[in-house]
Amino acid sequence: MITRKSLSYWSLRASLTAFVACLALPAYTTDYYGKTSVHYGLEAFLLGPVGLFAGHFSWLANLLLWLSWFKHTDETSGQSVVFAVLSLVLACSFLFGKLIAVGSAGEFPYLAATGYYVWLASMVMAAIAAFQLKA
């Protein structure tokens, strides 16, 4: 029989797995003077804090996601839900930008790729995991 606690456990594992997977997948592409450049999740993760200076705050969703995982206990599951949902909202802000900095070459138009959506899925799974503990 599947219990809420076991569903929560497997959802949390799926969240962690999706997060690790998104690092190896294309996070976004840029139009670099007519040439499409692919930027992988690990690159986005490592260089994301630099984006804070350019007004891209979506990287901070990582911190909220990690807090959600850390708070994933019976006693703090309510906080875990809140952190997971806030991480999802903040991560979605990436979709509203038009330009992103590419090294010292300037800013270029970008499109979200598969890895970005897997990253979002990791937040959804974290929220489901936390909600199952709370319910």
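**View 1. Cys 22 is a buried cysteine, with a relative accessibility of 5%.** Here, buried means under 20% relative accessible area, exposed means over 50%, and partly exposed lies in between, using a 1.4 Å probe and protein chains only. This is a predicted model, in which local features need pLDDT of at least 70, side-chain atom pairs count only at pLDDT 80 or more, and totals for chains, interfaces and linings use all residues. Residues are numbered from 1 along each chain as its sequence is written, and side-chain values use heavy atoms, leaving out hydrogens and water.

**View 2. Cys 92 is partly exposed, at 25% relative accessible area.** A disulfide is a covalent bond between the sulfur atoms of two cysteines. Counting a disulfide as a pair of cysteine sulfur atoms within 2.5 Å, the structure has zero of them. Cys 22 is in no disulfide, and its nearest cysteine sulfur belongs to Cys 92, 14 Å away.

**View 3. Helix H1 (residues 4–24) packs with helix H3 (residues 61–70) at an angle of about 150°.** Helices are DSSP runs (H or I, at least four residues), numbered from the N terminus. The two axes lie 11 Å apart; each is a line fitted to C-alpha atoms over the stretch in contact, and angles run from 0 to 180 degrees between N-to-C directions. H1 and H3 are therefore roughly antiparallel, a label for angles over 145 degrees.

**View 4. Now for the residues where H1 meets H3.** From H1 come Leu 12, Ser 15, Leu 16 and Phe 19, while H3 brings Asn 62, Leu 65, Trp 66 and Trp 69. Contact means heavy atoms within 4.5 Å.

Definitions and conventions:
Helices (H or I, at least four residues) and strands (E, at least two) are DSSP runs, numbered from the N terminus. Angles under 35 degrees count as roughly parallel, over 145 as roughly antiparallel, 65 to 115 as roughly perpendicular and the rest as oblique.
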